[in-house]
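This briefing goes through selected packing and pairing features of one structure. Please keep the sequence and the model open while reading.

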Amino acid sequence: MFEDRIDVIPGIMSKKMPEAEPASKKETKKKDLKCLKKKRKKGKRRKRARWILLSILAAIVVLFIAAYVKIHPEYEKIRDNMYDVLCNMDESTFRRAGNTVIYDKDDTVIGRIGNEKYEYVKITDISDYIQKGYIAKEDKRFASHHGVDFRATARAAFKLIKNKGAITQGGSTITQQVVKNNLLSQEKSYSRKILEIFIALELEKEYTKPQIMEYYCNSNYYGNGCYGVEGASQYYFGKSASKLSLAEAAILVATSNSPNNYNPVADYELSMEKKNQVLDAMLECGYITQEVCDQARQERPEIVKKSENVSNENYMISYALHCAALEIMKLDGFEFEYVFDDSKSSDDYQTKYNEAYQNAVEKARTGGYEIHTSFDTGIQSELQASVDSKLAEFSDKTEDGIYKLQGAAMCIDNQSHMVVAVVGGREEQGSFNRGYQAKRQPGSSIKPLLDYGPALNEGVITPSTEYTDEKITIDGYTPKNSNNKYIGQVTVREALARSINTIAVQLYQATGKSKCMSYLEDMEFSSLVYADSTAMSLSVGGFTQGVTVEDMTKGYATIANDGKYSENTCIRSLSSYDEGVVYECNSVKDKEVFTEDAAFMLTDMMQGTFKEDYGTAHDWDTDTQVYAGKTGTTNDNKDAWFCGFSSYYTTAVWLGYDMPESMDGVYGGTYPAEIWSDFMNKIHQGLEKKDFTAPETVKLKDLSSGQSIAVSYKDNVYRSRPSGWDYISGVLLQKEKDNEKKRQDAALVQKAEDAVSEFEAFQINSEEDAVSLDEKYNEALTVIDAVNSEDDKEQLLKRAAYKYELLSSEVKESWNNAAKVITSNNQKQKDSENSLAAQKSLEKAKQEEIDSNVDLVNWYIDQLNARSLYSSYVEQLIKEAQSALGQCNGYDKYDSLNSSLQKAINRVKSLPKESSSSIDGDVGINGSVNGNSSSSGNESGGQNQNGSDSSVSVGN
């Protein structure tokens, strides 16, 4: 073999030329050579074929690997997506959210929110014409395939390739369209199409054909906001999907193929053409006869465009959506706050609230909710009528046709604690619902909730407590009464009925600003900001942003319901199309704000607004029902309120301009009280007159004796209270004692705080300061020692000790050295002053002695000069006078005294001597009478032997 190959390789020759051969032999060789060449060519072709085959196989392997590497992740992703879709799939998946529907207390529809016309119906309520029309037009093998029609899919793919990517024929089954409409996005991609196929196959395993057809008919869009056959049937033909004629059914089947183009409202004639195509398809499938088909082709159904949607929202609908949004926020975990420690936390909360609220409102408005409310449409009509009729004389309107002077009101049923009516403005509809959106200043209507109620509840006052109505300034705020007058001493009962501002401010201060604010927090006032907690003007209605009618109504309802605040709004239940019932109000959800005793006493005081001649709503008192309430008017009459309640209902009314301005002649006791009275009287017609009764823990107290007794009356309670008696509460009296101790403890802490602060401000700037350091320190310690709180005492002691330590080191020592010198000098000065004082005292005593001796000599001289006879008594006087003169020896007056005495002695010695028989009436030395007892008595008694005054004298 090898040799043969060598012989035929060109260029290779033998060294020895071959000999010539015979011709026959040559012929044979040529044939053999030719045959050999053929074999070799064939072998080469086989070899080439093998290499080509191997190359193709290798290429296939490479392509498979490349395809696997590229497609497998996508395949895995599709499988994961399919798993996620199937895990979350249930029957609710195939229902649309639809509109949000609002119902009243009787479950009558009062509004729909959204543009959809949608209502889910069962397959049994869908015309057989519609079902057969879809099968004939969209999916002829619907009953037999398992979710995917592979022949139709292949045919559509072939058409796609033939038309270079242009889609001319669809391959999706009804099942696939259910998947696309309800489970997948509308994205156009091969991966989404593959996912659609996979899920369709699984869907057929999970649900029956009728169920799948039901989902399909309810998920199709038919134009003009119509989703599902029922919504489309009602809108276009005014009838249920179960009642459609063949022609009407064919129109809907045709419309869903291109709803914006083929619907009969957009183009009626085109819709008729498409209808006929559906009829032809149904005829071809044998679902209808030729005669029936021809009749339906001739039919031109009337289009009615029926809709139940509410185009303009009324006040009930907007408030229901507001309350639903609040419930959605709670379900989403939002935490509501009402008072704040600083302005930053207040601002941050408001930002969070606004975002969460807008999202919740949007969710409610998007659709899919059923809101069952407590609205009583009869009461709603009465409230709207009262607002509109009583304000009819104010006819001025804005350029937009809105009344300039506006009003708002809300009514709560006290038994259910739920809102039964809300008016957001004049006339029944409006985009701005002032019942919960407007924030306005409440004026004096806030006083029962912020001042009097907390003061009663904290034991600060009883109804008979007296305060002085006078000009006051508290924390820089000077309140004024509406009439700019003061009436002096007044009970808080009368002060509330008269709406005296100065008393309200004093109660606000006495109870404590933060404590009073906590009551508004408990009643969930929604418009408070940090600045409100710092202003004394808040006590008479001076809020930063104002309050809402909703907040005021719920606040007054708290008093009416024995002091318990209810979280109920107008929502009885809230249902979501995909979650079912998400909120249900099965009972009253309330919390105690005021004790029952405080609520009753406050209610009784508020009756004075009607009952007393000086009450601000006295003109609206009635004998048909028992009411309690309060007026409110702001500065310059920019806002006017009346809020009040009966045992049955609580209502608040507000009047004002949207852009605040003065209202001449309008204040709380006029139009607001008139609207309130008109409305309340109407809704109480036929209701038994029901009084407010005192709890057993409330007693009557004699204000003069202090004696207390039980309340025995239950009718005409306000007038039955005896004169000179008023209500007290055992519960609140104990609270008053507790609070008094707290106030005393707080006062001790404050006093100690002031003492420590004063000591901390003390500095040693002189020797006197250094000396007084220990004294001042001990004074501070004494005040601190009276504090009962050990924690407060410890902190104050630390502060005082730290200050003392600072001053008692080198500072004190340096000043102490100077203080010692001062002390020594001061002592010397005092010793000198004492010595001088002693000398002065001695000199004064000596002078008094001299004056006394001189006076004695002068007295003797006068006695001698008065004698008319020389007697033994005179001799005695001379001796005593000379002795007295001897005591004056050395005096400045001695010589003059001696001269005068000698003259007197010489004179008496020249007088006649007394005889033994004469009796001249002289008085003896010892005061005895010498001679006749009937002496003339013209002499005075003399001195005793020692020169002292005689104890006996005889006068005329």
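The model is predicted. One of its sheets is open and has three strands in the order β18-β17-β19, with antiparallel pairing.

**Three-stranded sheet**

- The edges of this sheet are β18 (708–710) and β19 (725–729); each has a single partner strand, so one side of each is left without a neighbour in the sheet.
- Direction ignored, neighbouring strands here are turned against each other by 40° on average.
- Five bridges link β17 (residues 698–702) with β19 in the antiparallel sense.
- Within the strand pairing, Lys699 is opposite Ile728 of β19.
- Helix α21 (residues 596–611) packs on the sheet and touches both β17 and β19. The direction of α21 makes about 155° with that of β19.

**Five-stranded sheet**

- A second open sheet has five strands, ordered β2-β1-β5-β11-β12, and its pairing is mixed.
- Here β2 (109–113) and β12 are the edge strands; each has a single partner strand, so one side of each is left without a neighbour in the sheet.
- From one strand to the next, the twist averages 15°.
- Strands β11 (residues 571–576) and β12 (residues 580–584) run antiparallel and are joined by four bridges.
- A hairpin is formed by β11 and β12, with three residues between them.
- Ser573 has Glu584 in β12 as its bridge partner, and Ser575 stands opposite Val581 in β12.

**Helix α3 against helix α11**

- Helix α3 (residues 128–138) and helix α11 (residues 268–284) have axes that come within 8 Å and cross at roughly 85°.
- Angles of 65 to 115 degrees count as roughly perpendicular, and α3 and α11 are therefore roughly perpendicular to each other.
- On the α3 side, the contact involves Tyr129, Lys132, Gly133, Ala136 and Lys137. These residues meet Gln277, Val278, Ala281 and Met282 in α11.
- By class, the residues of the contact of α3 with α11 are five nonpolar, two polar and two charged.

**Helix α25 against helix α26**

- The axes of helix α25 (residues 767–785) and helix α26 (residues 790–807) are 10 Å apart, and the helices pack at an angle of about 175°.
- Because angles over 145 degrees count as roughly antiparallel, α25 is roughly antiparallel to α26.
- From α25, the contact is made by Leu773, Asp774, Tyr777, Leu781, Ile784 and Asp785. From α26, Lys793, Leu796, Leu797, Ala800, Ala801, Tyr804 and Leu807 take part.
- The contact of α25 with α26 has 10 nonpolar, no polar and three charged residues.

**Nonpolar cores**

- In soluble globular proteins, nonpolar side chains tend to be buried together.
- The largest nonpolar core has 100 residues, and Tyr452, Leu520 and Met552 touch the most other members.
- Helix α13 (residues 315–331) supplies the largest share of this core, 11 residues.
- Which residues does Leu520 contact, leaving aside its neighbours within four places in sequence? They are Ile446, Leu449, Leu450, Phe525, Leu528 and Phe543.
- Another core, of 53 residues, lies apart from the largest one. Its members include Phe142, Tyr235, Val253 and Ile288.

**Residues with positive phi**

- Most residues other than glycine have a negative phi.
- Asp475 has a phi near 50°, a positive value in a residue other than glycine.
- The position of Asp475 is in the loop between β8 (466–469) and β9 (488–491).
- Is Asp475 buried or exposed? With a relative accessible area of 60%, Asp475 is exposed, since exposed means over 50%.
- Asp562 has a phi near 60°, which is also a positive value in a residue other than glycine.
- The loop between α20 (549–560) and β10 (564–566) holds Asp562.
- Asp562 has a relative accessibility of 38% and so counts as partly exposed.

Technical notes. Residues numbered from 1 in each chain as written. Predicted model: local features only at pLDDT ≥ 70, side-chain atom pairs only at ≥ 80, totals over all residues. Heavy atoms only, no water. Axes fitted to C-alpha atoms, helices over the stretch in contact; angles between N-to-C directions. Helix = DSSP H or I, 4+ residues; strand = E, 2+ residues; numbered from the N terminus. Parallel < 35°, antiparallel > 145°, perpendicular 65-115°, else oblique. Contact = heavy atoms within 4.5 Å. Nonpolar A, V, L, I, M, F, W, Y, C, P; charged D, E, K, R; others polar. Core = buried A, V, L, I, M, F, W, Y, C linked by side-chain atoms within 4.5 Å. Buried < 20%, exposed > 50% of the residue type's maximum accessible area, 1.4 Å probe, protein only. Pairing = 2+ DSSP bridges.
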